[in-house]
Amino acid sequence: MAWAEPLCSREEVNAAAKTILKESLSAASSAEALNVINNWRASHSFPLNTFQNGLRYRGRRIYQGIIVAQRVKRLISIEAKLRIRPTMKLTQMQDIGGCRAILDSVNQVRQVVDSYRHSDVRHKLLTCDDYISQPRASGYRGIHLVYSYYSDRKETYNGLKIEMQLRSQLQHTWATAVEVVGTMIRQALKSSQGDTDWLRFFQLMASEIARLEDQPIVDNTPLNSSDTRRELKNFVKSTNPVKRLSAYGSALKYFEQQENREHYFILRLSPLDNNLTISSYRRDESARANLEYLLVEKNLNKDAGEEAVLVSVDSVASLRKAYPNYFLDTQSFCALITQFAK
């Protein structure tokens, strides 16, 4: 299998990233810069595959039902992050390649994290961010491990960074709902930007979910559950989030462009049309999938809120479980709303 390898120096990669941020840019310059960036992104596929295999192996020893998926960062997300942090270089970005593990409980998440901390892996652990013990202001919870890849056999990829996100099922349910609502109302709720009422709603929901898991609640939310639920009830009465979220999912039309090959998938969501297009690729088609992903991204109608992502999962059944936001699936979250706001 031919894996993409870095074709440009880090200086050239960072220069290309600066180029795409320019307001006036010729088509030729844009295409050249995007090709450099896409090669850098695609080069993370080999180390990413190594980490997701290891994560699946460790996770299954703790919980057989673990869901593991991997993805390379979307161009639109790369560009947005570079604009928010103008001093950051693209080669410093820690989540170009990322894999996600969804476990049944917080205890299982911590067991997997501990298995890495006490392992003899030669990759270098750069950061471990525990957003379960200290939730983000938005309400996001999970644990992130960032590693620098190292191999004395495959030195080509040494130094590339891979991020692993570990979540409980309840934490994943919350994060999915944030992405679905953000997509449908076309606001960056995931980045704590947009409608203040929705942002507050997700903070409150995160605290109630944290209580279910016997974990620390989100800062600036009520210290007791009764006050939290009272505030949630007021939002539910005024906005009816269950009805809106349920409508998103039931309206979705599902299309599959190619035969099911069960490894790499490009998901393209068109929220205005409620269309989801899925293109699938074999395990040995990583390079082709990355090239076609770039073409899809270039043709997205961003004004209409279209999104695309290239992901890899170990089975078709896992695809919907790992990325329910692309299927506008929020049934589990709606059940929690009903439970908390009854």
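# Briefing: strands, helices and loops

I67 is buried, with a relative accessible area of 11%. Its place is in strand β1. The model is predicted.

**Strand β1 and I67**

- Strand β1 spans residues 67-72 and pairs with β2 in the antiparallel sense, over 6 bridges.
- Q70 has C99 in β2 as its bridge partner.
- Leaving aside neighbours within four places in sequence, I67 touches R100, A101 and I102, among others.
- The contacts of I67 also include S318, K321 and A322.
- I67 and N53 are 14 residues apart along the chain, and their C-alpha atoms are separated by 12 Å.

**Strand β2**

- Which residues make up strand β2? They are residues 97-103.
- In β2, 7 of the 7 residues are buried, so the strand is largely enclosed by the rest of the structure.
- G97, C99, A101 and L103 point one way from β2.
- G98, R100 and I102 point the other way, and these residues are buried too.
- β2 also pairs with strand β5 (residues 161-168), in the parallel sense, over 7 bridges.
- G98 has E163 in β5 as its bridge partner.

**S168 in strand β5**

- S168 lies in strand β5.
- Is S168 buried or exposed? With a relative accessibility of 0%, S168 counts as buried, because buried means under 20%.

**Q108 in helix α5**

- Q108 sits in helix α5, which covers residues 106-117.
- The relative accessible area of Q108 is 13%, so Q108 is buried.
- Beyond neighbours within four places in sequence, Q108 is in contact with I62, Y63 and L103.
- Q108 and R167 are 59 residues apart in sequence, but 9.2 Å apart in space, C-alpha to C-alpha.

**The nonpolar core**

- In soluble globular proteins, nonpolar side chains tend to be buried together.
- How many residues are in the largest nonpolar core? The count is 99.
- L166, W174, F202 and F333 have the most contacts inside this core.
- Leaving aside neighbours within four places in sequence, F333 is in contact with T173, W174, A177 and L245, among others.
- The contacts of F333 also include F201, F202, M205 and I209.

**Helices α7 and α12**

- Helix α7 covers residues 196-212, and helix α12 covers residues 331-340.
- Their axes come within 11 Å and cross at roughly 85°.
- The two helices, α7 and α12, are therefore roughly perpendicular to each other.
- On the α7 side, the contact uses F201, F202, M205, E208, I209 and L212.
- On the α12 side, the contact uses F333, L336, I337, Q339 and F340.
- The residues of this contact divide into 9 nonpolar, 1 polar and 1 charged.

**Strand β7 and its partners**

- Strand β7 (residues 264-270) is mostly covered, with 6 of its 7 residues buried.
- Strand β8 (residues 275-281) runs antiparallel to β7, and 7 bridges join the two.
- Strand β9 (residues 307-313) is also antiparallel to β7, joined by 6 bridges.
- R268 has T277 as its bridge partner in β8.
- In β9, A308 is the bridge partner of R268.
- The hairpin of β7 and β8 has 4 residues between the strands.
- N274, in this hairpin, takes a positive phi near 55°.

**Two loop residues with positive phi**

- N220 lies in the loop between α7 and α8 (225-239).
- N220 is not a glycine, yet it has a positive phi of about 65°.
- N220 has 69% relative accessibility, so it counts as exposed.
- N240 lies in the loop between α8 and α9 (241-251).
- N240 has a positive phi of about 55°, although it is not a glycine.
- What does N240 count as at 35% relative accessibility? N240 counts as partly exposed.

Note on methods. Residues numbered from 1 in each chain as written. Predicted model: local features only at pLDDT ≥ 70, side-chain atom pairs only at ≥ 80, totals over all residues. Heavy atoms only, no water. Axes fitted to C-alpha atoms, helices over the stretch in contact; angles between N-to-C directions. Parallel < 35°, antiparallel > 145°, perpendicular 65-115°, else oblique. Contact = heavy atoms within 4.5 Å. Nonpolar A, V, L, I, M, F, W, Y, C, P; charged D, E, K, R; others polar. Buried < 20%, exposed > 50% of the residue type's maximum accessible area, 1.4 Å probe, protein only. Pairing = 2+ DSSP bridges. Core = buried A, V, L, I, M, F, W, Y, C linked by side-chain atoms within 4.5 Å.
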